[in-house]
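Work through the exercises below with the model open. Try each task before reading its solution.

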Amino acid sequence: MIPEKPATKMNKNQDKTSGLYKIAAKIIKKVKTGSSYKTQLYQAQYPNKLTLNAVLMNVFKWEKVIDVLVEKSNILEKENNMDRDLVYVFITEMMWSKFGLKGNAKNILAIKKYKNEFLKLMKEHDLEKLSGSKYTKVLKPRFFRVNTLMTTIEEILEKLSKLKFNKLESPKSYAEFLELIKSDKFKAKNVFVQDVHIKELLVFNSKVKFYELEEYNNGSLIVQDKASCLAAYLLNPEPNSTVLDMCAAPGMKTSHLAAIMQNKGKLYAVDRCKDRFNIMQKMLERYMVQNVETFNMDALTFPYYDDVKYILLDPSCSGSGIVDRVRNDSSEQNQNYFQTRLKKLANVHAQLLNHALKSYPKLERLVYSTCSANHEENEAVVDEALSVNGKFKLLDCTKIVKGWTNKGVPGFDCSEMCLNAIPSDDCTNGFFIAVFVRRDLEEKEVVKQEKNVEDIVVKEEENIVDEEENIADNEEEKLIENTKIINKKNKKANKSIVINTDSNVESKSNIKKQKNIEDNVVVKEEQNIADNEEEKLIESTKIINKKNKKANKSIVINTDSNVESKSNIKKQKNIEDNVVVKEEQNIADNEEEKLIESTKIINKKNKKANKSIVINTDSNVESKSNIKKQKNIESTPIVKSKNAKRRERRLKLEQSKGKNNQNTTKVKKPKKTKKLKTEEI
């Protein structure tokens, strides 16, 4: 019983491994007969689409080499006519796969016997030269569209920041955007940037993988190339309007239209392929599209015409513009088949486009897009539609998608008005877009374009303002940090200078006391000066009084000359008054000079004292202002004392004059002598 259980497990693994190879072989057969590779890959009953895609791309890369190996080794005849496509898958996995050919099935073991023979044939015929890439290898980042029906851009950005993804600064122009995603700065796995045109589109390095991310698995993040997103972006339907997606499956552009419409209005999704239609229904349900009605029918027979205002026509095409896609059309045996298929596709595209432009009376805007690089499916179809439908004209797509430079292929009437995405230039899949508008609505469309341009300019200006504000905030933060550092240094310096921090209050009080002592000294000096002046004035008045007494005595002696002596006394008094005034002015000037000198000396002493005591304290400014105020207050009485002194002097002079008058009144007795003399005569 024990050995049987691992045997059953081995069989399950064998079936699972061989199942991958069988599915790959079936897809190769269908693609060679004209089926869409993308459709077959979606429909394949294999969970890991990446592994399946890698196997298929490897087969087509080495197809020419395998042709020679199969022919030289006659492996198909020797192995009982084994399935050719399955043999191609086995040989590819055995010779060039990183993991090798896995499994122990009979057909796998049979192919493994030829490995050495194949290696010899490779060397003998130098077959590695025949290996050529069937797809164009270009630098293409991975684009993830935020499904705004389920989440917001802010929530996704917050989630990415938690996952340690670094969002680079959004460039201001499309040219700068291309430079950034092509630069070495964008090679890191953990960096991304927001698209310059479609804000809900995030751009990552091509190596990034989100298969384990919840938002990717639940439909909040959708892998969608930028070129594919431009179709819905250029149609730009209004919410609550009616939109028709004529070839909607598998539903990526339909879900983008619903997001632009905010799930409001009517959205008709039509596709005639049953398998693709089923995939679309599941996808739209997963992406929470609620305003959609799906129809599994041919768009040419779609009956609802009246209210359709916007149409997106993205028909199934050759897919020649898709990067890293399997190519089987370049081989000589398939060239004729490819040309005939291309003509059929072009005819179908023209039929659908003409039907849309003619059958919908309220149609205002239509976007025609393909993922083809062939002008037969692109410019030629648009020119034909314009020649038949004169009511419509083209908008210049490159004016709406600001900064885009690649237009249509030269040589067609519509070339200058169309948009072409070139993988090597724009880092997207190859894509073609033309925008039709009704001629009578041209003015409205011009106004809309101008508004869009204005909105873009406003957004750019807002981004610039935000950047400047961020720079200012960063500078403020730096300044705050610097000030903190400086404060710390100052605190350390203050600690080193002021050892005893507890005695800071005492030191301030000591400073005030010292200032008060110095001010008292100044006041005492001024008082001494004033006292000296008063003593001088008293002495001068005494001298004048003595002189007046002597003069009065001389007047009494010489009574005959009283009249003359009175006039002389007045003159002498005036002279003496002038002398006194001059002396007072000189004394006042001397006092002012002394005061100025003393204040200078005091100021110098105060400065020295302040420098020596207060070195680095927080109250320097306040102490200085207080010192100035106190000095001004104390100096004001000194100025007023001059006037007071003059008043005192005048009072003393008046008093002295009053005494002199008293003296003169006493000397009136000699008049009697005059009368006696006259009597005697």
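Predicted model: local features only at pLDDT ≥ 70, side-chain atom pairs only at ≥ 80, totals over all residues.

**Exercise 1.** Decide whether Asp195 and Lys226 form a salt bridge, and find which parts of the chain the pair ties together.

*Solution.* 
- Step 1. The cut-off is a Lys or Arg side-chain nitrogen within 4 Å of a carboxyl oxygen of Asp or Glu.
- Step 2. The N to O distance between Asp195 and Lys226 is 2.9 Å, and their side chains meet in a salt bridge.
- Step 3. Asp195 sits in the loop between strand 3 and strand 4, and Lys226 in helix 12, so the pair ties together parts 31 residues apart in sequence.
- Step 4. Both Asp195 and Lys226 are buried.

**Exercise 2.** Examine the salt bridge between Glu238 and Lys309.

*Solution.* 
- Step 1. The N to O distance is 3.6 Å.
- Step 2. Glu238 lies in the loop between helix 12 and strand 6, Lys309 in the loop between strand 8 and strand 9; the pair therefore ties together parts 71 residues apart in sequence.
- Step 3. Glu238 is partly exposed at 34% relative accessible area. Lys309 is partly exposed at 22%.

**Exercise 3.** Classify Asp314 and Lys253 as buried or exposed, then place their salt bridge.

*Solution.* 
- Step 1. Buried means under 20% relative accessible area.
- Step 2. Asp314 has 16% and counts as buried. Lys253 has 13% and counts as buried.
- Step 3. Their closest N and O atoms are 3.1 Å apart in the salt bridge.
- Step 4. Asp314 is in the loop between strand 9 and helix 15, and Lys253 in helix 13, so parts 61 residues apart in sequence are tied together.

**Exercise 4.** How many residues of helix 13 are buried?

*Solution.* 
- Step 1. Take the helix as residues 252-260.
- Step 2. Nine of the nine residues are buried, so helix 13 is largely enclosed by the rest of the structure.
- Step 3. Among them are Met252, His256 and Ile260.

**Exercise 5.** Contrast Lys207 and Asn205 in the loop between strand 4 and helix 11.

*Solution.* 
- Step 1. Lys207 is exposed, with a relative accessible area of 55%.
- Step 2. Lys207 gathers with Lys98, Lys189 and Lys209 in a patch of positive charge on the surface.
- Step 3. Asn205 counts as buried, at 8% relative accessibility.
- Step 4. The Asn205 side chain reaches the backbone oxygen of Phe186 at 2.9 Å.

Note on methods
Residues numbered from 1 in each chain as written. Heavy atoms only, no water. Patch = residues over 30% accessible without salt bridge, like charges linked within 9 Å, V, L, I, M, F, W, Y side chains within 5 Å. Areas by Shrake-Rupley, 256 points an atom, 1.4 Å probe, with all protein chains shown as cover. Lys, Arg positive; Asp, Glu negative; His and termini not counted. Charge placed at Lys NZ, Arg CZ, Asp CG, Glu CD. Helix = DSSP H or I, 4+ residues; strand = E, 2+ residues; numbered from the N terminus. Buried < 20%, exposed > 50% of the residue type's maximum accessible area, 1.4 Å probe, protein only. Polar contact = N/O pair within 3.5 Å; in protein donor to acceptor, adjacent residues only side chain to side chain.
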